[in-house]
Amino acid sequence: MSTLAALFRGERIKWRRSWVTLAAILCPACQVGFLAVIFWFSDVQVSRIGPGFSIWYQLNHAAWNIIFMPITVALVALLSWDQEEEAGAWKHLLAQPVPKRTHYLVKLLSHGALLGMAQLVFTATLLGCGFLFKKTLHTVNMGPSSLDLAARLGLYSFLGTLPLLGLHTWLSARFGGVGLALGLTLAGSLGTVLLAGAIPALFWLPWGLANQGVRLGATGLAGSGGFLILSMLVAAGLMALGTADFSRREEPR
């Protein structure tokens, strides 16, 4: 554990002035900012539907968990492994007296921390815009802010991210290229949404778990135990795949 902690401390140094950190901050902030503009100019329609805070939360979590969060996961994993390849750091990493899988686990911890940062930025920006609307958008009844609901949705969203995190941390280590990472992300996310009506089980794939978790969190705790168990099992399976099948991109498969 001390070796893992030491390597993780070294990994955190790579966050400074890097595209990885920028992606983890800008993706959630830009999504909330973009939807804030739409929400602002749709105040009449929102006022007819219900309490503004509830609509605001649902709108953002739907966009985040279906599109922007999977893209953020893919970008963070890809840019993080690209750092090693561009800096020629592989030979130094693999020369260290630790198993290869340790490097995967360290990257997994790093990506998890960065996605936790992205989730915090998302939730903080979400609440900030919501309170701004309450102060300035008088045509909409924003209703109660429901901070407990915002925290619960954020937690379920992050837990639903873990399977995708394990998948992309392994995938980006094995195969480079933004086309593959983003192509798989968009195909998985959009395919899950479009086909889940006919095949409800698709919501339990890595691309649908976060959205399923938020749906459970919004309606209460019914079924939350099953979601947590399944999400952790899927995440553990994908993480085990990464530790068992870890190799740098140019090594023989």
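I started at L190 and found it in helix α8, residues 178-195. The model is predicted, and I kept that in mind throughout.

Is L190 buried, partly exposed or exposed? I looked up its relative accessible area, which is 41%. Buried would need under 20% and exposed over 50%, so L190 counts as partly exposed.

The patch is nonpolar and covers about 540 Å². L186, L190, V193, L194, L195 and I199 make it.

Then I turned to the whole chain. I counted 10 helices and zero strands. From the N terminus on, the order reads α-α-α-α-α-α-α-α-α-α. The chain has 253 residues, and 49% of them count as buried. It exposes about 12000 Å², with carbon and sulfur atoms supplying 71% of that area.

I also looked up contacts with a separation of 6 or more. Residues 24 or more positions apart account for 82% of them.

Last entry: helix α7, residues 147-174. How far apart are its end C-alpha atoms? They are 40 Å apart. At 1.5 Å a residue, its 28 residues should span 40 Å, so the two values agree. I still found a bend of about 30 degrees at L162 in α7. A proline, P163, follows within four residues.

I checked burial for α7 too. Of its 28 residues, 22 are buried, so the helix is largely enclosed by the rest of the structure.

Definitions and conventions: Residues numbered from 1 in each chain as written. Predicted model: local features only at pLDDT ≥ 70, side-chain atom pairs only at ≥ 80, totals over all residues. Heavy atoms only, no water. Helix = DSSP H or I, 4+ residues; strand = E, 2+ residues; numbered from the N terminus. Buried < 20%, exposed > 50% of the residue type's maximum accessible area, 1.4 Å probe, protein only. Contact = heavy atoms within 4.5 Å. Areas by Shrake-Rupley, 256 points an atom, 1.4 Å probe, with all protein chains shown as cover. Expected span 1.5 Å × (residues − 1). Bend = angle between axes of the 7 residues up to and from the residue. Patch = residues over 30% accessible without salt bridge, like charges linked within 9 Å, V, L, I, M, F, W, Y side chains within 5 Å. Salt bridge = Lys/Arg side-chain N within 4 Å of Asp/Glu carboxyl O.
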